[in-house]
Amino acid sequence: MDRIAIDTWESIKQEGWSAILLGNGASIAIHKEFAYPTLHGVADAKGLLATTAPIFARLGTTDFEHVLLACWYAEHVNVALGTPSADISAAYAEVRTALIEAVHSVHPVHADVAADLQRVGAFASVFPTVVSLNYDLTLYWSMLLFNSANGSWFKDAFHDGEFQTDWEYLRRPYGNAAGATLVFYPHGSLAVARDYLGDETKISVGAGAAGDLLDTITRRWSSGNYVPVFVSEGTSKQKVAAIRRSQYLTNVYEDVLPSLGESLVVYGWSFDERDQHVLDAISANPPKRMAVSVFTGQPDGDQQAFCHQVLKAAGRSLPDTKLTFFDSQSPGCWNNP
């Protein structure tokens with residue numbers, strides 16, 4: 001097996017990159033607790049799904065959003081038919097509480113990751129487009145922090161809670177910001193929510209209250225009027241089905257992923273087959289160059305095996321894209337000083 005060279009970020013950053021794709025490793029680099037296998041697993045281990053585990057099993061999913069919507073619709077249908085069921089209402093409440101507690105148990109508080117957030121904002125601001133497959137709030141927090149010092153540089157295409165699709169207009173620097181970076185969440189985010197009519201909105205707080213964002217979000221969930229829009233688990237096929245349930249996610253999947261530009265950086269993403277749909281979308285308009293981060297905190301053999309796995313996956317989906325690899329822990333990269 002040929003040995004694959006792993007560069008430093010410093011040696012490749014000058015090449016100019018049009019977009020960055022963030023995987024779970026990006027969140028784990030900031031907060032080790034994000035290495036949990038699934039939120040459903042966390043909730044299950046804590047005994048939070050005592051009566052509702054069979055619903056997940058029957059629907060063949062570990063995705064909270066899917067189960068919450070199913071309970072929500074069942075509740076509304078029963079009320080409409082004049083046969084309200086206390087069991088369904090209780091099931092909905094249990095699943096919602098389990099999700100809130102699972103998220104809180106794995107999510108850091110703002111103050112504990114503030115230094116990382118500063119570095120992440122500065123690093124991400126050099127890319128015209130950022131797409132994050134993670135649904136936690138660390139990237140959102142880093143954007144708020146960077147914007148408070150540099151004007152409205154980062155934009156997630158939500159204006160007054162409504163999603164906008166005029167990318168060209170959004171790419172223009174706004175106000176006193178010297179540049180613009182558009183940020184999208186192909187698998188959703190804790191901050192994106194939907195009511196049972198299907199209308200989607202972004203939950204936000206004032207710039208100075210970023211630390212309260214997680215509490216604000218979970219309060220909105222607790223109100224019973226919103227369910228979160230994020231694809232938490234499942235096979236690639238299940239994830240696509242979840243994406244299709246959301247106007248925002250469908251937009252990002254069909255319009256943003258196929259237009260990431262000629263040069264893509266991938267940080268903290270495993271190229272797992274459960275995310276094959278992401279590669280499929282990118283392959284509609286493949287980048288000419290792609291730089292993939294390698295976690296060098298593992299044995300050399302594992303690093304090389306990962307590089308070959310990526311070459312194989314990319315070879316199938318992006319055969320004409322030139323690949324390079326870089327050390328995810330190299331100075332100045334992501335949250336590294």
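1. Contact here means heavy atoms within 4.5 Å. The model is predicted. In α11, the residues Val240, Ala242, Ile243 and Arg244 meet Leu249, Thr250, Tyr253 and Glu254 of α12. Sorted by class, this contact has five nonpolar, one polar and two charged residues.

2. Now the geometry of that pair. Helix α11 spans residues 236-244 and helix α12 spans residues 247-256. They pack at an angle of about 115°. Their axes are 7 Å apart.

3. Next, look at α5 and α6. Helix α5 covers residues 64-80, and helix α6 covers residues 86-106. The angle between them is about 155°, and their axes lie 9 Å apart. Angles over 145 degrees count as roughly antiparallel, so α5 is roughly antiparallel to α6. The crossing of α5 past α6 is left-handed.

4. Which residues of α5 and α6 make the contact? From α5 come Phe64, Val67, Leu68, Cys71, Trp72, Ala74, Glu75 and Asn78. From α6 come Ile88, Ser89, Ala91, Tyr92, Val95, Arg96, Ala98 and Leu99. By class, there are 12 nonpolar, two polar and two charged residues in this contact.

5. Turn to strand β10, residues 263-267. Five of its five residues are buried, so β10 is largely enclosed by the rest of the structure. Ser263, Val265 and Tyr267 point one way from the strand. Leu264 and Val266 point the other way. Both sets are buried.

6. What does β10 pair with? Strand β1 (residues 19-22) is one partner, in the parallel sense, over four bridges. Here Leu22 stands opposite Tyr267 of β10. Strand β11 (residues 289-294) also pairs with β10 in the parallel sense, again over four bridges. There, Leu264 stands opposite Met290 of β11. Tyr267 and Leu264 are both among the buried residues of β10.

7. Ser125 sits in the loop between α7 (114-124) and β2 (129-132). Is Ser125 buried or exposed? Buried means under 20% relative accessible area. At 12% relative accessibility, Ser125 therefore counts as buried.

8. What surrounds Ser125? Setting aside neighbours within four places in sequence, Ser125 is in contact with Phe146, Trp153, Phe154 and Thr181. Take Thr181 from that list. Ser125 and Thr181 are 56 residues apart in sequence. In space, they are 6.1 Å apart, C-alpha to C-alpha.

Key:
Residues are numbered from 1 along each chain as its sequence is written. This is a predicted model: local features need pLDDT of at least 70, side-chain atom pairs count only at pLDDT 80 or more; totals for chains, interfaces and linings use all residues. Side-chain values use heavy atoms; hydrogens and water are left out. Axes are lines fitted to C-alpha atoms, for helices over the stretch in contact, and angles run from 0 to 180 degrees between N-to-C directions. Helices (H or I, at least four residues) and strands (E, at least two) are DSSP runs, numbered from the N terminus. Angles under 35 degrees count as roughly parallel, over 145 as roughly antiparallel, 65 to 115 as roughly perpendicular and the rest as oblique. A crossing is left-handed if the near helix is turned anticlockwise from the far one by less than a right angle, and right-handed if clockwise. Ala, Val, Leu, Ile, Met, Phe, Trp, Tyr, Cys and Pro count as nonpolar, Asp, Glu, Lys and Arg as charged, and the others, Gly among them, as polar. Buried means under 20% relative accessible area, exposed over 50%, partly exposed in between (1.4 Å probe, protein chains only). Two strands pair if DSSP finds at least two bridges between them.
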